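Hi there,

Here is the structure I promised to pass on. Have a look at it first, and my notes follow below.

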Amino acid sequence: MLDRYQQLLLDILHRDPTRPDREQFMDFQPADWEALTSAAIRYRLASQVHAYLTANSDLALRLPAHCCKGLQGTLKAQLNRNFEQYRRLCTVLQACASAGLPIILLKGLWLVEHIYRDPKARPSGDIDLLIHPDDMASFTRIARELSCSVPNGIANLQLLAPASNEYPLMYKNNETRLDVHWSIAHPLIEQPIDEQSIWDRSEATTVGGVPCRTLKLEDNLLYLCFHTAIHHRFVHVGARALLDIAQMIAQPPRVIDWGDLVVRAQDLGWARGTWITLDLVREHLGIAPPDSVLTALRPDDAPNENVRAKAMEILFL
């Protein structure tokens, strides 16, 4: 069962303008404000909570100064970190472009720039990069030239993690972690997919003004659902995972082809995970694809309310 402040965070994120009921803030004590703002920072929702509280003058007046300062400090730190992440990412992208090596950027700064459209609205953690398996040796050489933490004597990062299809590199004195992937699916615990189709469907984009590639928009949305429900099984992803999906549905960079998304989810074997993730976004954030999409994706043995509630509890761990 979600606690009071976790539920309040979801209500603040909800599309329904009547949520949350502002009357519940009227009896807030300093400890309540501290618990709410601390939860917003912990779950990486400081921007959304700060925007909500400051947009309502009666709540802004009640918000203790030190709580407001904590949110503002977090936003400043997020903004500075994102700009630093942009700078480091662009260095990697430019080096790879000079070598004619394509890169697909996953989540992170692509979401910040093309979905949230506000450099302080979403913190970026690791920089997730997808490299084609045929290019991994070349990327390994480039990463070493950029002073990334490539172990001595290793000519291809694939040799270091054949059982996981990804390897973490620390970049520039451990200031940034690059999560280097050469496959979307984990080979031991996840269903194999047609990886080449990911590349064939990928789209050209720019991040920080530098060209790169991203997943096709429909694949991008599916990947967020896969990452939440299948890869992480809702563990430690937080409400921001649902918010990323809600934001992509609400303000996509182009119109989403829902028919393509349904067929693609079924082809990849991600229909079940996609359905429950999209339906939890609908239930808890009030944003959803067309009903026909949820109907087409819904499994015959759809998880019951107890399973759905447990998924939300796990998500907030």
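In helix α6, the buried residues are Gly108, Leu109, Trp110, Leu111, Val112, His114, Ile115 and Tyr116 (buried means under 20% relative accessible area, exposed over 50%, partly exposed in between, with a 1.4 Å probe and protein chains only). That makes eight of the nine residues in 108–116, so α6 is largely enclosed by the rest of the structure. Just after α6, Arg117 has a positive phi of about 60°. Helices here are DSSP runs of H or I with at least four residues, and strands are E runs of at least two, numbered from the N terminus.

A word on provenance: this is a predicted model, where local features need pLDDT of at least 70, side-chain atom pairs count only at pLDDT 80 or more, and totals for chains, interfaces and linings use all residues. Residues are numbered from 1 along each chain as its sequence is written, and side-chain values use heavy atoms, with hydrogens and water left out.

Now the core. The largest nonpolar core has 112 residues, and Phe139 and Leu169 touch the most other members (such a core is a set of buried Ala, Val, Leu, Ile, Met, Phe, Trp, Tyr and Cys residues joined through side-chain atoms within 4.5 Å). Helix α5, residues 65–98, gives the most to this core, with 10 residues.

On the cysteines, the whole structure has zero disulfides (sulfur pairs within 2.5 Å). The sulfur of Cys67 is 8.7 Å from its closest cysteine sulfur, in Cys68, too far for a bond. Cys67 counts as buried at 4% relative accessibility, and Cys68 does at 17%.

Best wishes
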